[in-house]
Amino acid sequence: MEQQPQAPTDAELVRLVLLGKTEAFDTLLARHRRFVFKIVGRHVPRDQVEEVAQDVFVRAFTSLARYSGRAEFEHWLSRLAVRSCYAFWREAYRRRETAVSTLSEQHQTWMAQALADQAGQAFQQGAAVKEAREVLAWALAQLSPENRMVLTLVYLDGYSVKEAAALLGWSQVNVKVRAHRARVRLRKLLLNAGERA
Amino acid sequence: MTPSQEKRDERLWQRLVAAHREQPEIEPGPGWQAGVLQVVHRLPAASPARFEPGAVFVAQLVWRAALAGGVAAVVAASYLLAQPSGTDLVTSLLLDDQSEGVIELALNQ
């Protein structure tokens, strides 16, 4: 029986790129683009995902020599992806480009229902989920880029403090303190908005 | 916060978390990959071929050497201070006329 040639591993592809065969990067990109889109899609607005994902791969290409090969390539890439998202928010806040949306009547109705536990059945419907996402986007926009990133990673994505610290390159104490403060701030924001609804 | 407020907050929060996690996946557009590769292959200054694969190793070596040097300095200082005339010796090293003090101590011993 004829044996299928084995696909090169990520580490082998990285080595080829570093030796000058930059076309090997095409395979790396094709292999991991969905993974990067998944991470970036959870952190930045949908219309910005392609641009930030491009930034992740450009960063990956230029810093490939720093990939030690000890950890999984995807793990290394996820750190670049999270840090690119953080850089996106810092830049957006600096330029004040983020559209700080206001809560519409629909959002306020949804919040009132959610707080009164009447949205349970309706929640599975697309419209309710969409409203929930918009309410969350509104609340996150009130936080600093640092608090926004850390809260999204720890409380929304479900990473542990240790994992979030490794992704952001921060100390665990910093992540823990910021995540807690951000959660308290978000809770106040949501409850105040809910009471107004 | 009262228990009922906490319950309300938790309920709202769980819905928001679920909405965040249930986001539909975004697929790259048809020309996205080609666009990225075009950018990447046009990066002359940042071409990985210009990076030396041993650069990371050299950087690690420098830091390790610095650490080893620091530890050796601490060990040497501790040894000197533990000697009977160690304090005098260290003091003389810190004073202006260092060579004279060291020679004098050496001659006395």
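# Notebook: salt bridges, cores and the A–B contact

I started with A:Arg31, which makes a salt bridge to A:Asp10 with the closest N and O atoms 2.6 Å apart. My criterion for a salt bridge is a side-chain nitrogen of Lys or Arg within 4 Å of a carboxyl oxygen of Asp or Glu. A:Arg31 is in helix 2 of chain A and A:Asp10 in helix 1 of chain A, so this pair ties together parts 21 residues apart in sequence. For helices I take DSSP runs of H or I with at least four residues, and for strands runs of E with at least two, numbered from the N terminus.

Ground rules before going on. This is a predicted model, where local features need pLDDT of at least 70 and side-chain atom pairs count only at pLDDT 80 or more, while totals for chains, interfaces and linings use all residues. Residues are numbered from 1 along each chain as its sequence is written, chains are lettered from A and ligands numbered from 1 in the order in which they are written, and side-chain values use heavy atoms, with hydrogens and water left out.

Entry: I looked up both partners. A:Asp10 is buried at a relative accessible area of 15%, whereas A:Arg31 is partly exposed at 34%. The cut-offs: buried is under 20% relative accessible area, exposed is over 50%, and partly exposed is in between (1.4 Å probe, protein chains only).

**Entry: other salt bridges.** I searched the whole structure and got ten salt bridges over all chains. A:Asp55 pairs with A:Arg59, closest N and O atoms 3.4 Å apart. Both lie in helix 3 of chain A, four residues apart, about one turn of the helix. I have A:Asp55 as partly exposed at 31% and A:Arg59 as partly exposed at 30%.

How many salt bridges are there between chain B and chain A? I count four. One of them is A:Arg187 with B:Asp9, at 2.8 Å, N to O. B:Glu27 also bridges to A:Arg34, with the closest N and O atoms 3.2 Å apart. B:Glu27 sits in the loop between helix 1 and helix 2 of chain B and A:Arg34 in helix 2 of chain A, so the pair joins two chains. B:Glu27 is partly exposed at 46% relative accessibility, and A:Arg34 is partly exposed with a relative accessible area of 46%. Shared partners link A:Arg34, B:Glu25 and B:Glu27 into one salt-bridge network.

**Entry: the A–B interface.** I then went over the whole contact (heavy atoms within 4.5 Å). Chain B puts in 37 residues and chain A 53 residues. Together they bury about 4,500 Å², 63% of it on carbon and sulfur atoms. Buried area here is the accessible area (1.4 Å probe) that two parts lose on being put together, summed over both. B:Trp13, B:Arg15 and B:Trp32 supply 16% of what chain B buries against chain A, more than any other three residues.

I also find 13 residue pairs in polar contact between the chains, both residues at pLDDT 80 or more. That means N or O atoms within 3.5 Å; within protein, one must be able to donate a hydrogen and the other to accept it, and residues adjacent in sequence count only if both atoms are side-chain atoms. Which element of chain B gives the most to the side that touches chain A? Helix 1 of chain B does, with 13 residues.

**Entry: B:His20.** I picked this one from helix 1 of chain B. B:His20 is buried, at 3% relative accessible area. Beyond residues up to four places away in sequence, B:His20 touches A:Arg42, A:Leu136, A:Thr152, A:Leu156 and A:Asp157.

**Entry: cores.** I define a nonpolar core as buried Ala, Val, Leu, Ile, Met, Phe, Trp, Tyr and Cys residues joined through side-chain atoms within 4.5 Å. The largest has 52 residues, and A:Phe25, A:Val40 and A:Phe73 are among those with the most contacts inside it. Helix 4 of chain A gives the largest share of this core, twelve residues. I checked A:Val40: leaving aside neighbours within four places in sequence, its contacts include A:Val49, A:Val56 and A:Cys85. A second, separate core of 25 residues includes A:Trp110, A:Met111, A:Leu143 and B:Leu16.

**Entry: chain A overall.** I count nine helices and zero strands in chain A. Of its 197 residues, 46% are buried.
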